[in-house]
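Here's a quick tour of a metal site, a pocket and the nonpolar packing. Have a look at the model first.

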Amino acid sequence: MTTYLFPPSPIPAIPVAGSNDRYPVRRIFCVGRNYEAHAKEMGVQVDREAPFYFTKAADTYVPSGASISYPPGTSNYHYEMELVAVIGKAGFEIPREQALEHVFGYACGLDMTRRDLQLAAREQRRPWDLGKDVEQSAVISAIVPAQQCGHPSSGAIELRVNGEQKQSSDLSLLIHGISDLIAHLSRYYHLTPGDVIFTGTPEGVGPVVAGDHIAGSIAGLGDISLTIQAA
Ligand code: MN
């Protein structure tokens, strides 16, 4: 029998709406520059040919409604409101036409970002980990099974900070939609249940400070919230 040197970390698990089930997280993939207007505000071109990705460790997950401390090492911590898709069926080299069969459901996500560190890395052609793979930076709301909500290809996505609207867009403006992302990502990874995909943020990203309250929503998928505390 295996004995561990110390107790293994608990498995991060996302609530499923309307159920006592939880969705255990294996990997978190995040898509960059997937809305034209956001790429523009970041001063970069979009690539319509192929999406690109970065990852966050599974244990960066925090549930909607959490209060987190302002993270270390940054003075420009940003929100990014995103549609999240979670895989429910394993697959490799999944054809675009079958991609949606592999989605268990959808949620609202916040890809919290140390923007100063991300941009410094970008400038130096270094990986984005310090900017993106931040403790407590993958905020995800309860998953709505696709059986209930279908596969959203349009609908409002928006975010407010302290009640003030900061992001307001529509899922129809995603450059690479859910089917495209799954078809593409599964050429490089053997996707399995537990794999989570943040699909990218629309324009209007910006900083938060201690004391701020973030609230976002996506049509048909409910709300997400996060409170920032002093470090
Ligand atoms: Mn993002």
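## Metal site

Keep in mind that this is a predicted model. Start with Asp111: at 0% relative accessibility, that residue counts as buried, the cut-off being under 20%. Glu82 is buried too, with a relative accessible area of 0%.

Both of these residues hold on to the manganese ion: its donors come from Glu80 (OE), Glu82 (OE) and Asp111 (OD), sitting at 2.0 to 2.1 Å. Read along the chain, the donors are spaced as E-x1-E-x28-D. Glu82 belongs to strand S8 (residues 81-87) and Asp111 to strand S9 (residues 103-111), so this pair ties together parts that lie 29 residues apart in sequence.

## Largest pocket

The largest pocket holds about 150 Å³ of space. Its lining splits into five nonpolar, five polar and two charged residues. Among the residues that line it are Arg96, His151, Pro152, Leu171, Ser179 and Asp180.

## Nonpolar cores

The largest nonpolar core has 61 residues, and the members touching the most others are Leu110, Met112, Ile182, Val196, Ile214 and Leu226. S8 supplies the largest share of this core, with six residues. Apart from it there's another core, of six residues, including Ala39, Met42, Val44 and Val46.

What does Met112 contact once you leave aside its neighbours within four places in sequence? The partners of Met112 include Tyr77, His78 and Tyr79, along with Gly131, Lys132, Val139 and Val208. Ile214 and Leu226 are also in contact with Met112, and both of them are on the list of core members that touch the most others.

Technical notes:
Residues numbered from 1 in each chain as written. Predicted model: local features only at pLDDT ≥ 70, side-chain atom pairs only at ≥ 80, totals over all residues. Heavy atoms only, no water. Donors = N, O, S within 2.8 Å, 3.2 Å for Na, K, Ca; no water. Helix = DSSP H or I, 4+ residues; strand = E, 2+ residues; numbered from the N terminus. Buried < 20%, exposed > 50% of the residue type's maximum accessible area, 1.4 Å probe, protein only. 1 Å grid on protein atoms, 1.4 Å probe; cavity = no way out; pocket = protein on both sides within 12 Å on 5 of 7 lines; lining within 4 Å. Points joined across faces, edges and corners; volume = space filled by probe spheres on them. Nonpolar A, V, L, I, M, F, W, Y, C, P; charged D, E, K, R; others polar. Core = buried A, V, L, I, M, F, W, Y, C linked by side-chain atoms within 4.5 Å. Contact = heavy atoms within 4.5 Å.
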